[in-house]
Each structure stands twice: as C-alpha cells, then as structure tokens.
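Please walk me through this protein model.

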Amino acid sequence: MMLACELKKQCCSGPGYASPKDAFSNGYRERFLFVTCANTNSLKPDMIASVDVDPTSPTFCKVNIPCYGDKNAKRSHLVVPCLLSSRIYFIDTLDPGNLKLFDAVGTWIAKNSKKPEFNYDFWYQPRQNVMISSEWGAPAAIKQGFNMKHVQEGLYGNKIHVWDWKEHVLKQSIELDACYGAVPLEVRFFHEPTSTHCFVGTALGSTVYHVY
C-alpha cells in the first residue's frame, strides 16, 4: 500500500452529471431528507428525523420523528452511528414518514482482528478485497468542541487502516504526517469497481492523500 500526496488529473466516464448546474437542472428531485440530530446531553439519546421536501405533498416541510415499531417488519439499510455513545442504529426507511428500528446481528470486525483506536469513514472495493477506513477522535473530546490541546494529547487520530474485506481483518495501519495528516476523515475510491485508487482528506491537515 503506497501513498502519494500529489493528485493527478484523471478522466472519468462513470455515472453522474457533467456539473453541479447539470445536476440541479436535470437531476432527480428528492422527496425526503434524512437529518442526524446529535444530542450534547449525555443523558438523552441522539436522533434521526426525516423531512418531507416534496412541494406537492400534504406533509411538505413536516419533520417526522422516528418511532420504534415492529422489529419483524421488512427493513431497509440506513445505518446511523451515534456520536457520543457506542450505539449504531439500523433504520427502516421504507416509509420515510414513519421510521422504524431493527436489530443488528453482530459487528463487522472479526474477533481475532486488531482494532483501530478511532474510527470515522470507510470505503470498500470488494473486487480488490480491500476496505480503507479513517479516524476522527475520542467522543469525550469531540463533544467539548474542537481544541488543539486534545490533538496534542492524542485524542484525535492521524492514521488510515487497510482491511481484508473478506476476512474482516485489519491488515495494516498507516500513520500519516502529524501535521498534514491530522484528523483524516473522508475516504473515496474511484467510482469504478476494479479501481485500486482512493483519496483521503484530512480535516486539520487540509491535505488530500492519494492511496493505492
């Protein structure tokens, strides 16, 4: 696994739109938006709500608070990790105005695998049997608001992690530069299923790493 800090211009022929204006003019209009609501009060839960944004709908602009319905019903695949707790919610969005929860059957990481100190984003390429994940920081520090002191104390990450997709095992952790690689968040592979190239953006370091 190699790193390159310089980005090379690439040609892209994948799906999408030629420009933001093209997407605005010709793209599909969303009917519902899903909004994460993080609660800074540790005694109260986080929440996700749906907002009706269809101007023709009788519930236009209505915010729908999730209810906890029948867990045996048919489910969809909206996954919502909480910011200040260890909870991950799996939410049925088949009826966007009436969100329901369902149970998880286990964790993805294999029991015999090493585990990163922090987690944030991930992207996987099954055809390459690889997943790349990134790091944010400790919830105890994040909920206080950003403080450079917490970075110096090691409460924010600067590593990216390479996983075996089939075995769910951590194969390699790459420590980025303490300055430019601080707080790596978003991970994006090329939108081409056989590609071995991805990019990682660092929030504090303001750098884009090319990983391949």
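## The loop at S206

S206 sits in the loop that joins strands β13 (198-202) and β14 (207-211). Strands here are DSSP runs of E with at least two residues, helices are runs of H or I with at least four residues, and both are numbered from the N terminus. S206 is not a glycine, yet its phi is positive, about 50 degrees. S206 counts as exposed because its relative accessibility is 65%. The classes are buried under 20% relative accessible area, exposed over 50%, and partly exposed in between, with a 1.4 Å probe and protein chains only.

## Basis of the model

This is a predicted model: local features need pLDDT of at least 70, side-chain atom pairs count only at pLDDT 80 or more, and totals for chains, interfaces and linings use all residues. Residues are numbered from 1 along each chain as its sequence is written, and side-chain values use heavy atoms, with hydrogens and water left out.

## A four-stranded sheet

Strands β8, β9, β10 and β11 form an open sheet in the order β8-β9-β10-β11, with antiparallel pairing. β8 and β11 (169-175) are at the edges with a single partner strand each, so one side of each has no neighbour in the sheet. From one strand to the next, the twist averages 20 degrees. That angle is taken between N-to-C directions, on a scale from 0 to 180 degrees, using axes fitted to C-alpha atoms (for helices, over the stretch in contact). Strands count as paired if DSSP finds at least two bridges between them. Strands of a sheet pair through backbone hydrogen bonds, either parallel or antiparallel.

β8 (residues 122-125) and β9 (residues 130-133) run antiparallel and share 4 bridges. W123 has I132 of β9 as its bridge partner. The two strands make a hairpin with 4 residues between them, and N129 in the turn has a positive phi of about 55 degrees. Further along, 6 bridges join β10 to β11, again in the antiparallel sense. There K159 is the bridge partner of E175 in β11. The loop between β10 and β11 holds H168. H168 is not a glycine, but its phi is positive, near 60 degrees. With a relative accessible area of 25%, H168 is partly exposed.

H161 belongs to strand β10 (residues 159-164). H161 is buried because its relative accessibility is 2%. Its side chain makes a polar contact with the side chain of E135 at 2.8 Å. A polar contact is a pair of N or O atoms within 3.5 Å; within protein, one must be able to donate a hydrogen and the other to accept it, and residues adjacent in sequence count only if both atoms are side-chain atoms. Beyond neighbours within four places in sequence, H161 is in contact (heavy atoms within 4.5 Å) with residues including P116, F118, M131 and L170.

W136 is in the loop between β9 and α2 (139-142). A relative accessible area of 26% makes W136 partly exposed. W136 and L185 are 49 residues apart in sequence, but their C-alpha atoms are 6.2 Å apart. Residues up to four places away aside, W136 touches L185, F118 and Y156, among others.

## Aromatic rings

The structure has 7 aromatic pairs. Rings of Phe, Tyr and Trp (its six-membered ring) pair if their centres lie within 6.5 Å; planes under 30 degrees apart are stacked, over 60 edge-to-face, and the rest tilted. Y124 and W165 are stacked because their ring centres are 4.2 Å apart and their planes meet at 10 degrees. Y124 is in strand β8 and W165 in the loop between β10 and β11, so the pair ties together parts 41 residues apart in sequence. One aromatic cluster is formed by W108, F122, Y124, W163 and W165.

## Salt bridges

There are 4 salt bridges, each a side-chain nitrogen of Lys or Arg within 4 Å of a carboxyl oxygen of Asp or Glu. R188 forms one with D121, with the closest N and O atoms 2.9 Å apart. R188 is in strand β12 (residues 184-189) and D121 in the loop between β7 (100-102) and β8, so the pair ties together parts 67 residues apart in sequence. R188 also meets E186 in a salt bridge (3.6 Å, N to O).
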